[in-house]
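Student: Hi! Could you walk me through this one?
Tutor: Happy to, let's take a look together.

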Amino acid sequence: MGQAVTLRPAAQNRDRQFDILSALAMLLVVMGHVDEGMLTIGGLFPYYSFHIALFLFISGYFYVPEKEAHIGAYLAGKARRLLLPYFIWNAFYGLLVVCLRAAGFYIGNVPSLWTLFVEPFLSGHQFLYNAPAWFVPALFLTEVVNVMIRRLLRAIGLRNEWALMGMYLCLGFLVVWLSAGGRVYDWYRIPGRIMYMLPCYQMGRLYRERLKRHDTLPDWLYFGILLIAQLLLACFSNGLAVSAAWVNGFSNGPVVPYITAATGIAFWLRVSRILEPALAKSRFFNRLGQNTYAVMLHQVLAFFVVKGMFALAGAATGWFADFDWNAFRTDVYYFYLPGGLTQFKMLYVIAGVALPLLLQRGIDAVWQRITGLQDEPGVR
């Protein structure tokens, strides 16, 4: 478990724009969990309307069709890169729940074979401290289904990316309709997540193969179209945020969730292109873009560390009298803001990114010392 892992394949000649895009996507996730709306562009692009779709888009962009000839090796590689580290860390967080319960904390379920190996696919929220990583098993299953569908279509001679996009959108529309009828829950959530995610994953593949070469609109026109589209959606919708994790919250029918996924992706895709010349050599953005897995796994633990520091400081000095000890012990998403100042949310954002990166850096250093390997982060 010393290997740095990204939520997309690594390459020898890295795509720096997509490193930056991955870093931005991870910042959006952390800010969403802290309820810090700085990057929603005045609320026009709610994080929960597209940020999971953005990660799927990035993963789909790096899909390699040649792997379809060797599905077994492809799936084994995906399991090693995605599931193996996930289950190791899942066991760690189960042990953390046990230790913290002994100290009076009642967050997360007690470890069992179910919570260690089954619940990650049903909800991924079994221990809560690693809840944002629910995405990892769901991404793995989505990639399994995608490669199998592609292999089947390839066998009958159908390899049209637009046709596959249409097929996946039909599945997505269907699951939104089923969710609105209350039919996506428990075990049904497993296929529901896959059906919801496949169109977003295919957007990445379609962009790389068919659309990227046509992505030439000047910035003023590109952003103008997107902003007008989002304004219209905001005016004539019941709220754009949805829950990809629970496959619900679709209050605008089956089409709008995929429009907002596309517009959110398009917005940050162009932003990443604009920022690439300035940030291509940024050690922070490159490291974050190459270690999104670590931040996805450990951001909530970082939030807990910040709250713990406030708790200890308050106990030692008498400061922070409004610290809610009961919420601290029972609500994983309780954020203490001294004096009620929302500016302190940025402290949690910084910790939610920095501490997981520092943890991963330490793990990489130990792994390299043990094995003698010296790889670029995210390549293994």
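Student: What does the secondary structure of the protein come to?
Tutor: The protein has 13 helices and zero strands, where helices (H or I, at least four residues) and strands (E, at least two) are DSSP runs numbered from the N terminus. The radius of gyration is 21 Å, close to the 21 Å from the globule rule for 380 residues, so the protein is as compact as a globular protein of that length. That radius is taken over C-alpha atoms, and the rule is 2.2 Å times the number of residues to the power 0.38.

Student: What sort of model is it?
Tutor: This is a predicted model, in which local features need pLDDT of at least 70 and side-chain atom pairs count only at pLDDT 80 or more, while totals for chains, interfaces and linings use all residues. Residues are numbered from 1 along each chain as its sequence is written, and side-chain values use heavy atoms, with hydrogens and water left out.

Student: And what share of the residues is buried?
Tutor: Buried residues make up 54% of the 380. Buried means under 20% relative accessible area, exposed over 50%, and partly exposed in between (1.4 Å probe, protein chains only).

Student: Let's go to α7. Where is its kink?
Tutor: At M197, shortly before the proline P199, α7 has a kink of about 30°. The bend at a residue is the angle between axes fitted to the seven residues ending there and the seven starting there.

Student: How far apart are the end C-alpha atoms of α7?
Tutor: They are 31 Å apart, which agrees with the 33 Å that the 23 residues of α7 (residues 189–211) should span at 1.5 Å a residue. The expected span is 1.5 Å times one less than the number of residues.

Student: OK, new topic: how much space lies in the largest pocket?
Tutor: About 490 Å³. Of the 22 residues lining that pocket, M203, Y207, L211, A262 and A266 are the closest to its centre. On a 1 Å grid over the protein atoms alone, a pocket is an open set of points with protein on both sides within 12 Å along at least five of seven lines, and lining residues have an atom within 4 Å of a point. The volume is the space filled by probe spheres set on the points, which are joined across faces, edges and corners.

Student: Which helices supply the lining of the largest pocket?
Tutor: α6 (161–180), α7 and α9 (256–279) each supply at least two residues, and α9 gives the most, with seven. By class, the lining has 18 nonpolar, two polar and two charged residues. Here Ala, Val, Leu, Ile, Met, Phe, Trp, Tyr, Cys and Pro count as nonpolar, Asp, Glu, Lys and Arg as charged, and the others, Gly among them, as polar.

Student: What about α11, where is its kink centred?
Tutor: On H298, with a kink of about 50°. Of the 26 residues of α11, 19 are buried, and the helix is mostly covered. Just after α11, G318 takes a positive phi of about 85°.

Student: Which phi does L128 have?
Tutor: L128 is not a glycine, yet its phi is positive, about 65°. L128 is in the loop between α4 (113–122) and α5 (135–155).

Student: And D186?
Tutor: D186 also isn't a glycine and has a positive phi of about 45°. D186 sits in the loop between α6 and α7 and is partly exposed, with a relative accessible area of 46%.

How values were computed:
1 Å grid on protein atoms, 1.4 Å probe; cavity = no way out; pocket = protein on both sides within 12 Å on 5 of 7 lines; lining within 4 Å.
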